[in-house]
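Dear colleague,

Please find the structure below, together with its sequence. My notes on what was found in it follow directly after.

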Amino acid sequence: MLNVENQKPPKGKWTTPPFDPRFPNQNQTRNCYQNFLDYHRCMKAMNRRGKSTQPCEYYFRVYRSLCPISWVQRWNQQIQDGTFAGKI
Amino acid sequence: MFRLIVSQARKHPSLIPLFLFIGAGGTGAVLYLTRLALFNPDVSWDRKNNPEPWNKLGPTDQYKFYAVNTDYSKLKKEGPDF
């Protein structure tokens, strides 16, 4: 499984994530979680097809902007342990 | 219960506005709960077949009643497909 913590973050300017109409209210928890899932699903799909994972960086930037670092660390730890609850 | 309301209203007509407002409030509450149960993208009744219902919203779908500053007709889908 990909070890996210060893990857360098993508270069370039990071703008703030755009408005997502799926999550229009103040509580953006689900936005954070969905982008985290989407990033990992994208990596898995691209690696399976043998294509470049460069498009997945969009999701990486969004979840890094939105999610508290402690959550990201906890989820990465769970992924390494195999106890992550989400469907990736 | 409605017969009781009607008979009481005939005996004391001044109660009619009360019945109207209570009725409207109760109906509004039930209707809003129904809208939440059926249309809210965070609600999933069948987790096996419909696990992430918020992903079914397109970029221009608006769930809120009134959006102050957001022009929904101009939004596009962000994020690449995979």
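In chain B, of the contacts (heavy atoms within 4.5 Å) between residues at least 6 apart in sequence, 16% join residues at least 24 apart. Please note that this is a predicted model, in which local features need pLDDT of at least 70 and side-chain atom pairs count only at pLDDT 80 or more, whereas totals for chains, interfaces and linings use all residues. Residues are numbered from 1 along each chain as its sequence is written, chains are lettered from A and ligands numbered from 1 in the order in which they are written, and side-chain values use heavy atoms, with hydrogens and water left out.

Chain B

Chain B holds 2 helices and 0 strands (DSSP runs, H or I of at least four residues for helices and E of at least two for strands, numbered from the N terminus). Its radius of gyration, taken over C-alpha atoms, is 21 Å, well over the 12 Å that the globule rule (2.2 Å times the number of residues to the power 0.38) gives for 82 residues, so chain B is more spread out than a compact globule. Along the principal axes, the C-alpha atoms of chain B fill a box of roughly 70 × 35 × 10 Å. Of the 82 residues in chain B, 13% are buried (under 20% relative accessible area, with exposed meaning over 50% and partly exposed in between; 1.4 Å probe, protein chains only).

The domain assignment, which is automatic or taken from a database, divides chain B into domain 1 (1–39) and domain 2 (44–77). The C-alpha centres of these two domains of chain B lie 32 Å apart.

An unreviewed UniProt entry lists residues 15–38 of chain B as "transmembrane region"; such annotations may be inferred rather than shown by experiment. Over residues 15–38 of chain B the model is 96% helix and 0% strand, with the end C-alpha atoms 35 Å apart.

Interface with chain A

Contacts link 19 residues of chain A to 17 residues of chain B. The two chains, A and B, bury about 1600 Å² between them, 61% of it on carbon and sulfur atoms; this is the accessible area (1.4 Å probe) lost on putting the two parts together, summed over both. Pro21(A), Arg22(A) and Arg30(A) supply 34% of the area that chain A buries against chain B, more than any other three residues.

Helix H2 of chain A

In helix H2 (residues 57–66) of chain A, the buried residues are Tyr59(A), Phe60(A), Val62(A) and Tyr63(A). Their cover includes helix H1 (29–49) and helix H3 (69–81) of chain A. Glu57(A), also in helix H2 of chain A, is partly exposed, with a relative accessible area of 25%.

Yours sincerely
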